[in-house]
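Subject: The structure you asked to see

Hi there,

Here is the structure, ready for you to open next to the sequence. Have a look first, and then read on for my notes.

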Amino acid sequence: MGVSITFLGGASTVTGSKYLVQHDGRSLLVDCGLFQGYKQLRLRNWTPLPFNPDAVDAVVLTHAHLDHSGYLPLLFKEGYSGKVYASAGTQSLCKILLPDSGHIQEEDAAFANRHGLSKHAPALPLYTRQDALDCLPHIKSVPMETVFQPIPGWRVSLRSAGHILGAASVLLELAGRRILFSGDLGRPDDTIMYPPAGAPAADTVLIESTYGDRLHAAENLQHELGLALHMVAARGGVAVVPVFAVGRAQAVLHAIAQLKAQGQIPHALPVFLDSPMAVHTTHLFENHVGEHRLSAREAHALSHGATMVNSTEESKALAARHGPMVILAASGMATGGRVLHHLEQRAGDHRNMIILTGYQAPGTRGATLASGARSVRMHGRDVTVNAQVVQLQSASAHADAGQLLQWLRSMPNRPDQVYVVHGELPASDALRASIERDLGWRALVPEHGSTWPC
Ligand SMILES: [Zn+2]
């Protein structure tokens, strides 16, 4: 029997990445992500998996973003008892992200119970902070560019994918087949991450397609952010910046540090990083010098260019402050976290500005804001948006359509089949068409839940 792959997430959507490879009675799960965004997608997190977690032999993660790792605590709760292999950077980040995710699930459930928002009584968290802590010891770090065998005879190696700290593409070799998972690919011109490594030879490729139908504008983050912050500071407003705690928070902090150093925004403009998770991640950059573009001095400066807000009390105290100031808080698509409180408080004032910093998955509040909606639902009520909403064109951590094709072109061979994943359907299908037209390779967009040979 040949090797097969089942697409259990990240198929015609950017979230929930889970790819189950099966051969000869053994199985390996590549990525174990949460669904986010539209409610119908989020509900999938509650649907039992179509396989027995206990029967999976091993898990490999491409990177730590929750849409690739956030289902892990649940997988263990449901009976998985094997190891999870990931790069050292991913392992470090999971220690920050997963417990926080559990904490947010608990808070959401508690909030729903207090305010009677759930049809379920009582509303339960998908998993708890403790569930997340329990799964961390099972994550084992493996070096990049080194072959390991999570299952005897299944040879796996990671190579840098840019994108965020620790992000990797995964090459799996078994039964004479080479299967390449791109993971999320960074852009070659990212301000803090190095470009993705070139793609190795493979027979089957899964490539992400977040921006499969778009090219990034020729803007640079520092310039774009500088204009926005200058404007909001001049009118005494507050800039609320939803940031991904891992990746975009550090890119924005680095840009702010440079803007201040070059006198392009007032040195005295107060900047707050209101996310314990982002604060921890920012410190982590100092421990992983060499894995990103920042020098030790620049990595150090990240932590000192802004006031780091840890406790809930400090976070609440920000509400009493007047502008001008900049508040960076997670989550990056305003799906949860402390940024909601800041948006709720600041969105009504026309002097203020909401600065969106990365991809906004459809169905998230970030996407609603980006579309120009003048009202957005938060904590069970409709909040009027009078603040200016700015979407930075340059803040993406993903390669665009041209850069994705470039990565495929770097392969030394022509693969038998490309599966286009991790994108909304229009983006995935546009990339599929480009691959067929420009490269002349076979490509298809798999349906959620479908199984294909590889
Ligand atoms: Zn990612």
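Which residue's side chain meets that of Glu-344 in a salt bridge? The partner is Arg-381, with 3.4 Å from N to O. The two come from distant parts of the chain: Glu-344 sits in helix α11 (residues 339–346), while Arg-381 belongs to strand β18 (residues 381–384), 37 residues apart. Their surroundings are worth a look too. Glu-344 has a relative accessible area of 19% and counts as buried, because the cut-off for that is under 20%. Arg-381, in turn, is partly exposed at 43%.

Before going further, please keep in mind that this is a predicted model.

The overall picture

The chain has 454 residues, and its radius of gyration is 21 Å; a compact globule with that number of residues would come out near 22 Å, so the two agree. If you orient the C-alpha trace along its principal axes, it spans about 65 × 50 × 40 Å. The secondary structure consists of 14 helices and 22 strands.

Buried residues account for 59% of the 454. The accessible surface of the chain is about 17600 Å², and carbon and sulfur atoms supply 52% of that. As for the contacts, take those between residues at least 6 apart in sequence: 73% of them join residues at least 24 apart.

Charges and salt bridges

In general, side chains of opposite charge can pair when their charged atoms come close.

Glu-436 is partly exposed, with a relative accessibility of 35%. Asp-429 also takes part here: salt bridges with shared partners join Asp-429, Arg-432 and Glu-436 into one network.

What does Cys-454 touch, leaving aside residues up to four places away in sequence? The list is Val-3, Ser-4, Ile-5, Arg-177, Ile-179 and Thr-204. Cys-454 is in the segment after β22 (451–453), and with 7% relative accessibility it counts as buried. Arg-177 is 277 residues away from Cys-454 along the chain, yet their C-alpha atoms are separated by 7.6 Å.

You will find it in the loop between α9 (296–304) and β14 (307–308). Gly-305 is partly exposed, at 30% relative accessible area, and it touches Lys-260 and Val-271 once residues up to four places away in sequence are set aside. For Gly-305 and Ala-86, 219 residues apart in sequence, the C-alpha to C-alpha distance is 31 Å.

Backbone details

Where are the cis peptide bonds I would point you to? One runs from Gly-323 to Pro-324, with omega near 0 degrees; Pro-324 is in the loop between α10 (312–317) and β15 (325–329). Another runs from Ala-330 to Ser-331, with omega near 10 degrees, and Ser-331 is placed in the loop between β15 and α11.

For Asp-31, phi is near 70 degrees. This residue lies in the loop between β3 (26–30) and α1 (39–42) and is buried, at 2% relative accessible area. For His-163, phi is about 65 degrees. His-163 belongs to the loop between β8 (154–160) and β9 (168–174), and it is buried as well, with a relative accessible area of 2%.

Note on methods
Residues numbered from 1 in each chain as written. Predicted model: local features only at pLDDT ≥ 70, side-chain atom pairs only at ≥ 80, totals over all residues. Heavy atoms only, no water. Helix = DSSP H or I, 4+ residues; strand = E, 2+ residues; numbered from the N terminus. Rg over C-alpha atoms; globule rule 2.2 N^0.38 Å. Buried < 20%, exposed > 50% of the residue type's maximum accessible area, 1.4 Å probe, protein only. Contact = heavy atoms within 4.5 Å. Areas by Shrake-Rupley, 256 points an atom, 1.4 Å probe, with all protein chains shown as cover. Salt bridge = Lys/Arg side-chain N within 4 Å of Asp/Glu carboxyl O.
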